[in-house]
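The sequence and structure come first.

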Amino acid sequence: MNAKNVIADVLKEKGRIKQVYWVACGGSLIDLYPAHFMLNAESETVESGWYTSKEFLVLPPKKLSKDSLVVACSHSGNTKETVEAAVLAKERGAAVITLTDKAGSACDKPDFISWVYPWGEGVSVSETPGCISLALASELLAAQEGFAKNDKVGDAISKMDEIIKGAVAKVNSGMTQEFAEKYGEEPFFYILGSGAAFSQTYGFSICSLMEMQWKNCAYLHSGEYFHGPFECTENGVFYFLQKSAGKCRVMDQRAEDFLKTHTDKLMVLDALELGMDKINPEVVDYFNPILFYAMNCEFREALAKKHNHPVDTRRYMGIVAY
C-alpha cells in the first residue's frame, strides 16, 4: 500500500481530519509513538493522541468522531482490545486504518482500511509500522497543511535501511558484547532517552529486557532525570543512555555529562555516531526511534546468548490466564 493514497482515501471520505488517535499494545504501541510525536510537533490543526488499547476502550476521548482518524496496530491482527478499539472507533464514525502482519486476521477486515505489512529478515524498514505510521502522519500534514518537510520525511525513510546496516555492524564490533559480558548480570538496568526516542527507551525496558530477558529495569526520560531520579545515581549502578540526534539531544547530553562523573557503570548509544548525521536535521528527531529499535534487537540478542535465554521464551504471556 501507499501512505499518500491511503490518506487521500481517508480525506475523500471525511473531508478533513481534526484528531488522530494511535492505538495499540506493547511493541505495536511503541512503533506508533514517533508519528504521534511528529504530529504534535509539526501540526497547527491536528491533535494527536497515543493510547494503549484498553484505555482507549474504557475511557475513549470525547472528541472521537467523524472528524477523527484512528490508526490501530496489532502485529498478530487478533489482539482483542486493539480489535475492539478499532470497532469502537468505527462505530463513533472515525476513519480506521489497521496495521497488521497477519492477512485474514480480525484487523484485516473490509470494515477497516487494512494495511498488511511484511515482517522478518530482509524486509525494508520502510515497510514496517514505525515508518508506515510516520509516512501516514506526514502525508496527512502534507494534504491538509502543505507540510514543507514531507519530502524530507520520505528521504529519511529511504535512507534508514543503509544507516541501520552500518549501525548493526558497528555495535556488534564490540558494544553489544560489552553490554552482555560486562553488564549482563546487573541486578537493575536504568534506561534513559528523550524526545520521540523515548518510545524506544520505554520499549527497550518493557519489551527487550523485562518481557524477553526477565530483567528488572526502569525507563527514565533524560529531561526528567534531574527532577528526582538522579538522586539514585552512584557508583555500582548501571545506566544505558540512548542519545538522540536532533533538537532533543541537549537533554541527553546533560544526562550524560552528569552520569560520567557520578557512576562508574555507563553505556551511551549515540545516534550521531551510528549514522544519523545522514538524515536531514529538520526531521531527524522523528527517526532516532527507528534506529534505536534495530539496535535494541542486537543488544537483547547478545544478552539472550549470554544467558541461554532465547528472546521468544515466556513464562506467562500466552501461557497462563490473564
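This is a predicted model: local features need pLDDT of at least 70, side-chain atom pairs count only at pLDDT 80 or more; totals for chains, interfaces and linings use all residues.

Glu181 belongs to helix α7 (residues 175-183) and Lys306 to helix α10, so the bridge ties together parts 125 residues apart in sequence. Glu181 counts as exposed, at 56% relative accessibility.

A salt bridge also joins Glu211 and Arg314, at 2.8 Å from N to O. Here the linked parts are helix α8, which holds Glu211, and the segment after α10, which holds Arg314; the two residues are 103 apart. Glu211 is buried, with a relative accessible area of 19%, a value that falls under the 20% cut-off. Arg314 is partly exposed at 22%.

## Other salt bridges

The structure holds 14 salt bridges. One of them pairs Glu47 with Lys63, whose closest N and O atoms are 2.9 Å apart. Glu47 is in strand β2 (residues 47-52), and Lys63 is in the loop between α3 (53-58) and β3 (68-73), 16 residues away. Both partners count as partly exposed: Glu47 has a relative accessibility of 40% and Lys63 one of 46%.

Salt bridges also link Lys243, Arg249, Glu256, Lys260 and Asp270 in a network. Over the protein there are 33 positive and 42 negative side chains, and the centres of these two sets lie 3 Å apart.

## Positive phi angles

Most residues other than glycine have a negative phi. Trp214, which is not a glycine, has a positive phi of about 55°. Trp214 sits in the loop between α8 (198-213) and β7 (217-221) and is partly exposed, at 34% relative accessible area.

Asn308 likewise has a positive phi, near 50°. Asn308 is found in the segment after α10 (288-307). With a relative accessible area of 68%, Asn308 is exposed.

## Overall form

The protein has ten helices and nine strands. Its radius of gyration is 20 Å, close to the 20 Å that the globule rule gives for 322 residues, so the protein is as compact as a globular protein of that length. The C-alpha trace spans about 60 × 45 × 40 Å along its principal axes.

Of the 322 residues, 53% count as buried. The accessible surface is about 14,400 Å², and carbon and sulfur atoms account for 51% of that area. Among contacts between residues at least 6 apart in sequence, 75% join residues at least 24 apart.

Notes. Residues are numbered from 1 along each chain as its sequence is written. Side-chain values use heavy atoms; hydrogens and water are left out. Helices (H or I, at least four residues) and strands (E, at least two) are DSSP runs, numbered from the N terminus. The radius of gyration is taken over C-alpha atoms; the globule rule is 2.2 Å times the number of residues to the power 0.38. Buried means under 20% relative accessible area, exposed over 50%, partly exposed in between (1.4 Å probe, protein chains only). Contact means heavy atoms within 4.5 Å. Accessible areas come from the Shrake-Rupley method with a 1.4 Å probe; for residues, only the protein chains shown count as cover. Lys and Arg count as positive and Asp and Glu as negative; His and the chain ends are not counted. The place of a charge is taken as NZ of Lys, CZ of Arg, CG of Asp or CD of Glu. A salt bridge is a side-chain nitrogen of Lys or Arg within 4 Å of a carboxyl oxygen of Asp or Glu.
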